[in-house]
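Visitor: Could you walk me through the side-chain packing here? I'd like the cut-offs spelled out as we go.

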Amino acid sequence: MGTYEYEKAALDGLVMLSNDLVREDRSLIQGGYFRAVELLFDAEVPVRCSAVHVVGELGRLICSLSPEDSKREWSDALFVQLSLMVRDMKMEIRVAAFCELEKTPTVSSDILLQTLSKKCFPGIKDRTFHGQYTDKLLKLPASTAAYAFVHGLEDEFYQVRKSACHAMQMLSILSAEFAAQALDILIDMVNDDSLEVRVQCLETLHHIYLHNRFKMEETHLEMLCVTLVDSDTLVRSAVREVFRLCKLPKFEMFYTCINSFVENLELYPLDEADVINTLYKMGRNHGRFVSRIIQDSSEEIEPSFDGTLRLTKLRTVALLVLAVSAPVSFDRRLSSIPPQLFSYAVTLLDRISNGLRDVAEETSILVYLSHCSKFNLASASENFEREALCFPMDGRHSDSSQGSHDIDELVELEKGASDLPIKTASLTDLILQKAVSLWQFLKLGLADEVLRTLRSFKEELRNYSHGAHHQSAGVIFTLNFLNVIKWLAKGSRWHFSRSTFHSEATGTLIALSKLETKLEEMLHRFSGLRIADNLHLVELMLVTCVLRLSQGFNCSYGSMKKLKSLLHLAEELIEHESVKPPKFVIELRDISNNDEDILIDKLPQLRNSLNLFYLKPFSIPEELRHLNAAIEVAENDFHRPLPFFPCLPVGIPLEVSIYNIPLGTRIWVVASTGSSRKQFIYLDLNGCKGCNEVKKCSFVAPILCTPSVKRFSVKVSIAMEGSAEAPKMKSACFGPKRKLVYLCKEKEVYLCREIVESNGNK
């Protein structure tokens, strides 16, 4: 076994062990990162390839652990370091570099733009990062990123071109300016010699249009229209996905596009269902253009002198589909479709319903056409519920046929966030109702789109509460629930991904841990919730547990014990409410009751159980209260520390405020000096002043053992014991008996050693 094989094995081991690294020890993680950077210049190809993956994995871990003010700097350094490797002599290393680049959590816009330009930007020229440019030069110029993606798209190997396209797809969400410039470069790739590259390029274009809603340019339209008659089915299907989302600014472009779809139908009749689906959704996005094209082409649609419809002409079929879409278009008030056209469309019911299977059932479409045929011009849209054609009926969901519909619906969810009413109750209720449907998109692998939609919802909530003295309990609960879906999206990304390779174990484990913490916080820190809402929070905790187990994290007896304890809590809530238990809970109960099975044998059943889960809408009751606390230390910061004598107790004066905590709740002040050992000081609420909603008290918290150092800090926070159902803590006779729920962020208190002179003076 050669030396390089040991190095490769060690690097691969670092990636696997990165999940279990001590998160607090950043020096250990940084040491591994910079050693992997050195090995990027190793002579052996397998070592360099493994080093690329280690740099990416540990670099992202460093970014996640860095404070906010240095997070962007570390992320940029990681991105530039990996950009250096896209010029490596070996194809597999260039592919690996692009695969790691796409996972970079955040990148400065100017560095992203530099990857598309040979000319070095003024702000980039003199910047350097921690890293390595060569085996001897230990400073990494930011200009290293110049032209990185263009080099990848022009590579001789299709694997590199494909991975470069996919990396641009994932990074385009970070910068709208980067996405706009990437469009001009990517559009030339739709004619690539490789089928895989053409399909990936079209998927990237679809992703960019989805996230940025750019209007299509004429030059781009010409290239895409040519692709509509490509000889490969996958390519034609992918380009139609792009057309479902795009917005055409001119009628001439819309007219050209419709003609290309007719040509598509003539050459490939088997594409009819997908073409009808695309025409319907394009018509829904361009109602004004549909009205005009129908008026200009009325003679082609009307029956002949003997009363026969020209339905053998594919262009007539396309025009009737466009006419059907007009009353439910976003410009429906501007549309004017003759009502007899809906009667003509009834004769095409089989073909139209086949194309709109992801939109509505055949009977619903027939009712809609019959209804629209009775009204003049656009009045049909005012008398018919638009939801009948915008959402699937009877709760039917198909992963294969519904993808394009779900993307459109998701865009509408995001678009609708800015149109929500400004009343608090209406705002939170509407967002909670809309957020429920995001689970279906996660199951389709659309985690990135879900995260973007969540950002829109959060922005709307923050805009509403901007300037308010404090946020209401309903707003805080809604923001917490949106964060739950965010961590659920990140924690379930691999589970619902179509990819069979999982390289984001660290990120998934962190996301699931944060999801579990957030759910426990919501379960204990909100009073006044309905029992049904508490039950659903427990269901989400069960989902977290199942995701952790099904992905191979902590497959132990303790994990199954935790699953059973959550099921027991769910059953108690079900009995209290006297409701039918959810199918997801029933399935987990059956799985956990089979004690004779080994846990590893239950993993397929656990994964399948998630198909029975779905999000349910929460309702915000008027009596909802948020249990909260605040802690202050007067005149204390790094420059004004409190005095102490080493190895002797010290008292810390605290000002504590408690909100909405009922009497009888066991409250603790938790003090930590950086080690794993914590000190608990009991806080008696009977000694606090104030009303039931707000209680305040001042007291001195004793820190019993101080270290023999010149300076140190104590992190202090307020926590309450969980309910009787919460797990018990292993502690001494004095201390909390149940698991703690923290009510505020930690407050850091600074202390400095008192200097005593030989004569006894300080």
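**Contacts, rings and cores**

Guide: Leaving out residues up to four places away in sequence, T706 touches F644, F645, P646, C647, L648, V650 and F712, where contact means heavy atoms within 4.5 Å. This is a predicted model, in which local features need pLDDT of at least 70 and side-chain atom pairs count only at pLDDT 80 or more, while totals for chains, interfaces and linings use all residues. Residues are numbered from 1 along each chain as its sequence is written, and side-chain values use heavy atoms, with hydrogens and water left out.

Visitor: Where is T706, and is T706 buried or exposed?

Guide: T706 is placed in the loop between β11 (694-703) and β12 (711-721), with helices (H or I, at least four residues) and strands (E, at least two) taken as DSSP runs numbered from the N terminus. T706 counts as buried because its relative accessibility is 2%; buried means under 20% relative accessible area, exposed over 50%, and partly exposed in between (1.4 Å probe, protein chains only).

Visitor: Which backbone atoms does the side chain of T706 reach?

Guide: The T706 side chain reaches the backbone nitrogen of C647 at 2.9 Å and the backbone oxygen of L648 at 2.8 Å.

Visitor: Switching to rings, how many aromatic pairs are there?

Guide: The count is 19 aromatic pairs, with rings of Phe, Tyr and Trp (its six-membered ring) pairing if their centres lie within 6.5 Å, and with planes under 30 degrees apart counted as stacked, over 60 as edge-to-face and the rest as tilted. One of them is the tilted pair of F254 and F289, at 5.8 Å centre to centre with 45° between the planes. That pair links distant parts of the chain, since F254 is in helix α14 (residues 251-267) and F289 in helix α16 (residues 287-296), 35 residues apart. F254 is buried at 0% relative accessibility, and F289 is also counted as buried, at 15%.

Visitor: What about F477 and F618?

Guide: F477 and F618 form an edge-to-face pair, 5.3 Å centre to centre and with 75° between the planes. F477 lies in helix α28 (residues 473-496) and F618 in the loop between α33 (603-609) and β4 (625-626), so this pair ties together parts that are 141 residues apart in sequence. F477 has a relative accessible area of 0% and is buried, as is F618 with 4%.

Visitor: Which residues touch the most other members of the largest nonpolar core?

Guide: In that core of 120 residues, L205, L224 and F243 touch the most other members; a nonpolar core is a set of buried Ala, Val, Leu, Ile, Met, Phe, Trp, Tyr and Cys residues joined through side-chain atoms within 4.5 Å. Helix α3 (residues 45-65) gives the most to this core, with 11 residues. Apart from this core lies another, of 68 residues, including L444, L519, L529 and L566.

Visitor: And how many disulfides turn up?

Guide: The search of the whole structure finds zero disulfides, a disulfide being a pair of cysteine sulfur atoms within 2.5 Å.

How values were computed: A polar contact is a pair of N or O atoms within 3.5 Å; within protein, one must be able to donate a hydrogen and the other to accept it, and residues adjacent in sequence count only if both atoms are side-chain atoms.
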